[in-house]
Amino acid sequence: MNDEPILSVRDLEISYRTGKRTEVTAASDINFDLYPGESMALVGESGCGKTTLGLGLLKLLPRLGRVPRGTVTYRRKDGSRSDIMKLGKEELRRFRWSEAAMVFQGAMNAFNPVQRIADHFEDTLRDHANGQKRWSTADIKRRSEELLDLVRLEPDRVLRSYPHELSGGMKQRTLIALALALEPQLLVLDEPTTALDLLTQRSIVEQLHELRERLGFSMIFITHDLGLAAELADRVSTMYAGRIIESGTAEDIFYNPRHPYTAGLIKAVLPVAGDLPELESIPGTPPNLANLPPGCAFAPRCGYATSECSDEIPALTRIEGSNGNPPHTAACLHSDQVEFSRQVVSRV
Ligand SMILES: Nc1ncnc2c1ncn2[C@@H]1O[C@H](COP(=O)(O)OP(=O)(O)O)[C@@H](O)[C@H]1O
Ligand code: SF4
Ligand SMILES: [Mg+2]
């Protein structure tokens, strides 16, 4: 990509207060650039810090969360730049929705059950109109219809409905339409298809693809499901214990993972065609962030671990991307030994 990044994250750290004097670091040493129109997936098991990072990037952390260090430089539609971490309340209000929008994890259950969908659109458009545009009732109707059309829902029927009258897939599409209401440049989606059946997942993923091509927004797609990441992302970053431990093009990550954790996640993805392989799950669970093992946090679960792995936290090191792909990085002392041969077919 030849343009300037829309988002540049440097040395970002995020922590949560857990007691009067105690804190847990839920994301650290986060560095990446996101380019216009680019789609990046953040993958990893539950508890690895994906939601924390997604919320932190847009300064949406819950009350006990804070950002002790780091910058998130964002380039606005007008070309001006600022560090999102330094924006005040009013600046953030103007920034969200019209520059960057987020579909939260579990948001499908957060519709107001006593409001029709039309009211949700009206509230969103009026509350986040950026002070520049006053929406008339006719404008709101037209824009709501246009947005629902974009996600291939039948506007009349959906606008009249209460949330419980819509299926899970329809609710998720409606949320995506709402997030696009003010034409953001950046869309952050946190597990948007979890809890939906496979066919619905597939159709939502296809639709996100299509919308991104048509509207040109950049996307950060958070998922524990590598199959979905394979479908949607140009670039994939794996998170473990609050760190990005591998990053590269979707192609490099899926066909040549260099971190044993990423390789383990891929081996646990069910292919849609061909012989059923023996699925291998990674033994154990992610560590408690308040009590991390020394050195590489993955060591207790890693089949390649040696005593050196516990000496210090491995740095992300550059590996040549295949086929002239941009750089691929992995934080593993023995990345050259990781064996991975299975051709992976996405499961959606
Ligand atoms: N609101 C919170 N208060 C305190 N700690 C939290 C909070 N949310 C998340 N954490 C901590 O951050 C870790 C990562 O959580 P999260 O970002 O939700 O991971 P993921 O989205 O990958 O499942 C959790 O294991 C927990 O230790
Ligand atoms: S650094 Fe060591 S423990 Fe960590 S992933 Fe690599 S081989 Fe495994
Ligand atoms: Mg999460």
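## Strand β8 and its neighbours

Strand β3 (residues 39–43) runs parallel to β8, and five bridges pair the two. Strands here are DSSP runs of E with at least two residues, helices are runs of H or I with at least four residues, and both are numbered from the N terminus. Two strands count as paired if DSSP finds at least two bridges between them. In this pairing, alanine 41 stands opposite phenylalanine 221 of β8. β8 is also joined to β7 by five bridges, again in the parallel sense. There, leucine 189 stands opposite phenylalanine 221.

This is a predicted model, in which local features need pLDDT of at least 70 and side-chain atom pairs count only at pLDDT 80 or more, while totals for chains, interfaces and linings use all residues; side-chain values use heavy atoms, with hydrogens and water left out. Residues are numbered from 1 along each chain as its sequence is written, and chains are lettered from A and ligands numbered from 1 in the order in which they are written.

Strand β8 covers residues 218–223, and six of its six residues are buried. Buried means under 20% relative accessible area, exposed means over 50%, and partly exposed lies in between, for a 1.4 Å probe and protein chains only. In a regular strand, side chains alternate between the two faces of the sheet. In β8 both faces are covered, with Ser218, Ile220 and Ile222 buried on one side and Met219, Phe221 and Thr223 buried on the other.

Helix α1 is largely enclosed by the rest of the structure, because seven of its eight residues are buried. The buried residues are Lys50, Thr52, Leu53, Gly54, Leu55, Gly56 and Leu57. Glycine 54 belongs to this helix and is buried at 0% relative accessibility. Its C-alpha lies 7.5 Å from that of aspartate 190, although glycine 54 and aspartate 190 are 136 residues apart in sequence. After α1 comes lysine 59, which has a positive phi near 55°.

The magnesium ion (ligand 3) has Thr51 (OG1) and Gln105 (OE1) as its protein donors, at 2.0 to 2.3 Å. Donors are N, O and S atoms within 2.8 Å of the metal (3.2 Å for Na, K and Ca), and sites may look incomplete because water is not among the atoms. Threonine 51 is partly exposed at 27% relative accessible area, and glutamine 105 is partly exposed at 44%.

## The surroundings of ligand 2

Ligand 2 is surrounded by 13 residues, the closest being Cys296, Cys302, Cys309, Cys332 and Leu333. A residue is near a molecule if one of its heavy atoms lies within 4 Å of it. The shell around ligand 2 consists of 11 nonpolar residues, two polar ones and no charged ones. In this division Ala, Val, Leu, Ile, Met, Phe, Trp, Tyr, Cys and Pro are nonpolar, Asp, Glu, Lys and Arg are charged, and the others, Gly among them, are polar.

## Antiparallel strands

Strands β1 (residues 7–17) and β2 (residues 23–34) pair in the antiparallel sense over eight bridges. They form a hairpin with five residues between them, and isoleucine 14 has alanine 27 in β2 as its bridge partner. Serine 8 is 64 residues from valine 72 in sequence, yet their C-alpha atoms are 5.6 Å apart. Valine 72 is in strand β4 (residues 65–75) and is buried, with a relative accessible area of 0%.

Strand β9 (residues 235–240) is antiparallel to β10, with six bridges, and arginine 235 stands opposite threonine 249. Two residues separate the strands of this hairpin, where alanine 241 takes a positive phi near 50°. Strand β10 (residues 243–249) is mostly covered, with six of its seven residues buried. Two bridges also join β10 to strand β12 (residues 328–330) in the antiparallel sense, with serine 247 opposite threonine 329.

## Positive phi in two loops

Arginine 152 has a positive phi near 60° and is not a glycine. Its place is the loop between α4 (137–150) and α5 (155–160). Glutamate 183, also not a glycine, has a positive phi of about 55°. Glutamate 183 lies in the loop between α6 (168–179) and β7 (186–190) and counts as exposed at 53% relative accessibility.
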